[in-house]
Amino acid sequence: MAGVEGRVIAVTGAGNGLGRQYSLVLAAAGAKVVVNDLGGARDGSGSGSAAADAVVAEIKDAGGEAVANYDSVATEEGGKAVVGSALDAFGRIDGIVSNAGILRDKAFHKMTADDWNAVQQVHLYGGFHVLHAAWPHFREQGHGRIVVATSTSGIYGNFGQANYGAAKGGLIGLINTLAIEGRKYNVLANAIAPMAATRMTEDIAPPEMLAKLTPDHVAPVVGYLLADECTETGSVLVAGGGQVHRVRQFQSKGVAFAEVPTIEQVGDRWAEIVDLDGAVPGSNPVG
Ligand SMILES: NC(=O)c1ccc[n+]([C@@H]2O[C@H](COP(=O)([O-])OP(=O)(O)OC[C@H]3O[C@@H](n4cnc5c(N)ncnc54)[C@H](O)[C@@H]3O)[C@@H](O)[C@H]2O)c1
């Protein structure tokens, strides 16, 4: 097989925006797609089947194969049901795009525990629930492709998005380890930080910027990360408006203290500790 042809891929939050576009592009390339969407509002309230159904109809009209799933990824049962839909309809699961998302933006001093929890449940726990249900199948068949939706807010931070940034940063931590644990089973795990005009960003960026950021620029990058020939794993890609970049952590040359320093001695060497000249890609010293 080549590309994603014949592969069974579940895309969560696929009823709108980026997930819809990922599903259309994957199905057009010959994948069988589980179109998952809870069908709620941007803040996670409400539910319905119309969003997922519309995308499935669009795929079928174009001659592709897809089934709808309406479960919330925010529960363990929901995650299992997404993978169950793939197994019931197509007999296997080859890839997951963990893309479902909500926003509850607020400055940290105004953020409630409910705002925090709701966002973690959908993004971070949602990723866990679906990926954990697919993982045994990936290991057993010696093939699996994972793409999680992260964000530049998770990588760099953003005012008003402490909950969202923490969840999106957590997903990078998740794929870093899944890449290590999955490597010998040909299970690849990467993260995409998209930039696209959707209902999530419609009031965040200026209209002239959004006009250039259509979701179709991002979908082929996600498609490649799901392809049989892809070997990339443990990477974070930023993609939007025709730009595609890899982001990663670097470690400064730093200093090595021969003996336990005093607080003042740390301060004396601070400029050297944080100087990124000559920094190299970081790696886990115990990994
Ligand atoms: N649009 C961007 O520029 C941008 C930037 C960075 C990250 N992202 C991320 O990309 C992903 C897609 O965002 P989008 O811009 O297409 O937003 P969107 O609101 O258009 O789509 C998100 C979809 O997820 C669904 N969803 C929400 N909660 C769910 C749940 N519990 N179970 C199943 N489905 C659920 C929604 O119904 C919606 O259809 C999100 O994870 C988002 O955080 C988007």
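In the predicted model, an N or O atom in the side chain of Arg 199 lies 2.8 Å from an oxygen atom of the ligand, a polar contact being a pair of N or O atoms within 3.5 Å. A ligand oxygen atom is likewise placed 2.8 Å from a polar backbone atom of Ala 196, and a polar side-chain atom of Lys 168 is found 2.9 Å from a ligand oxygen atom. The protein covers 96% of the 820 Å² of accessible area that the ligand has on its own (Shrake-Rupley method, 1.4 Å probe). Local features required pLDDT of at least 70 and side-chain atom pairs pLDDT 80 or more, whereas totals for chains, interfaces and linings use all residues. Residues are numbered from 1 along each chain, and side-chain values use heavy atoms, without hydrogens and water.

The shell around the ligand (residues with a heavy atom within 4 Å) comprises 30 residues, of which Leu 18, Asp 37, Asn 99, Tyr 164 and Thr 198 come nearest. By class, 12 are nonpolar, 14 polar and 4 charged, where Ala, Val, Leu, Ile, Met, Phe, Trp, Tyr, Cys and Pro count as nonpolar, Asp, Glu, Lys and Arg as charged, and the others, Gly among them, as polar.

The ligand takes up the space of the largest pocket (an open set of points on a 1 Å grid over the protein atoms alone, where a 1.4 Å probe fits, with protein on both sides within 12 Å along at least five of seven lines; lining residues have an atom within 4 Å of a point). A molecule sits in a pocket if more than half of its atoms lie within 2 Å of the grid points.

Methods
Polar contact = N/O pair within 3.5 Å; in protein donor to acceptor, adjacent residues only side chain to side chain.
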